[in-house]
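Here is a quick tour of a protein model for someone who likes to see the cut-offs spelled out. Have a look at the sequence and the coordinates before reading on.

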Amino acid sequence: MEFNSRIDLSEVSDKIQKIKTESEKVLIGQEKMLDLILIAILSNGHVLIEGVPGVAKTLSSKLIAKMIDATFKRIQFTPDLMPSDVLGTSVFNLKSSEFEFKKGPVFADILLIDEINRAPAKTQASLFEVMEERQVTNDGVKYSMEKVFSILATQNPIEQEGTYRLPEGQLDRFLFKINVGYPKLSEEVEILKSRYNNADLNSLEQIEAVLSKDDILKLRSLTRDVIVQENLFEYITNLISETRNSPLLYLGASPRASLDLMMASRSYAAIQGRDFITPDDIQFLFEAVVAHRIILSSEAELEGLTDQEVCQRIMQKVEVPK
């Protein structure tokens, strides 16, 4: 069906298409992961990417950073990593005889945290403030992040030795958790052919920047003009409320999940070239927004259900607005 958009979203669509075209030079498959990362950046959110080794989690994050003309830094989380290694620390300046704050690697536009669950609780807790408030407080002084600031974090779901479970408060600060599976058989054949023809496939030297920081801020401004009808406010609220009332869940999603689902739906609609969201947008994003914020009840665990399956049951139970 054709419709006349109230706002001009052609620039959003053009930029996203250029990013997808550029990404196809090195990334085969994983279209949903790429879409969700882009939606998160447009929604000013953070992403947790979970998958077994070798499914292009880190490559996708580095690829996104390469296509954005912004500051990019990477931190490899380890069990001995301290908060000061991430946030920064005060250093005594002999010339001025004063302490000066030396900023840590967290001060970047796009921050890649590899194996985020390998750092201990103290280091994880140090991320709470910067993820939510976009600032770091040191010795009572606040240091603000740049307007374009997104964390892309990866973790391995199967290797538990030497890892720490992320606190619920930190998980709630991630807009999405993306579960990355194995590629399809045809996609893996294409991966082999691509590497056969180009041994330096992962170098990313052939990737060009598509978005500037100003572009991102402009696109974010456009997504904020996307309309949400009254019945869809209620639909989002009913979905999140059901997670709190479901006997399958010990812990339901927070109001932050409602806000994130609404913001992400607006960004997704804008990417699709629409200035309004639909129930399909909400359903497409519901699992990615909610699955990592809930805790299964003992009954659900006895049934052998997963977080994703419970999310599907909740969507089936809540009436979809007409």
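Q30 is buried, with a relative accessible area of 17%. For the cut-offs, buried means under 20% relative accessible area, exposed means over 50%, and partly exposed is in between, all with a 1.4 Å probe and protein chains only. This is a predicted model, where local features need pLDDT of at least 70 and side-chain atom pairs count only at pLDDT 80 or more, while totals for chains, interfaces and linings use all residues. Residues are numbered from 1 along each chain as its sequence is written, and side-chain values use heavy atoms, with hydrogens and water left out.

Back to Q30: it sits in the loop between α1 and α2. Its phi is positive, about 55 degrees, although Q30 is not a glycine. Most residues other than glycine have a negative phi. A56 is another case, with a positive phi near 75 degrees in a residue other than glycine. You'll find A56 in the loop between β1 and α3, and with a relative accessible area of 22% it counts as partly exposed. The element names come from DSSP runs, numbered from the N terminus: helices are H or I over at least four residues, strands are E over at least two.

## The parallel sheet

What is the strand order of the open sheet? Five strands line up as β3-β6-β9-β1-β10, and the pairing is parallel. β3 (72–76) and β10 stand at the edges with a single partner strand each, so one side of each has no neighbour in the sheet. On average, neighbouring strands of this sheet are turned by 20 degrees against each other, direction ignored. Those angles are taken between N-to-C directions and run from 0 to 180 degrees, with axes being lines fitted to C-alpha atoms, for helices over the stretch in contact.

Strand β1 (residues 47–51) has parallel pairings with β10 over five bridges and with β9 over four bridges. Two strands pair, by the way, if DSSP finds at least two bridges between them. V47 shows both pairings: it stands opposite F176 in β10, and its bridge partner in β9 is L152. As for β10 (residues 176–180), four of its five residues are buried, so this strand is largely enclosed by the rest of the structure.

Helix α1 covers residues 10–23, and at 1.5 Å a residue its 14 residues should span 20 Å; the end C-alpha atoms are 20 Å apart, which agrees. The expected span is 1.5 Å times one less than the number of residues. The buried residues in α1 are V12, K15, I16, I19, E22 and S23. They cover an arc of only 125 degrees around the axis, which puts them on the same side of α1. That arc is the one of the directions from the helix axis to the C-beta atoms. Their cover includes α2 (31–42), α3 (57–67), β11 (211–212), α9 and α11 (255–271).

In α9, the buried residues are D215, I216, L219, R220, L222 and T223. They cover an arc of only 160 degrees around the axis, which puts them on the same side of α9. They pack against α1, α2, β2 (68–69), β9 (150–155), β11 and α11. How accessible is T223? It counts as buried at 4% relative accessibility. T223 belongs to helix α9 (residues 213–223) and touches L42, R266, S267 and A270, leaving aside residues up to four places away in sequence. Contact here means heavy atoms within 4.5 Å.

R274 lies in the loop between α11 and α12 (279–290) and counts as buried at 13% relative accessibility. Its side chain reaches the backbone oxygen of F276 at 2.9 Å, and a polar contact of 2.8 Å joins the side chains of R274 and D281. A polar contact is a pair of N or O atoms within 3.5 Å; within protein, one must be able to donate a hydrogen and the other to accept it, and residues adjacent in sequence count only if both atoms are side-chain atoms.

D85 is found in helix α4 (residues 83–87) and is partly exposed, with a relative accessible area of 38%. A polar atom of the D85 side chain lies 2.9 Å from the backbone nitrogen of M82. D85 also touches D80 and P105, not counting residues up to four places away in sequence.
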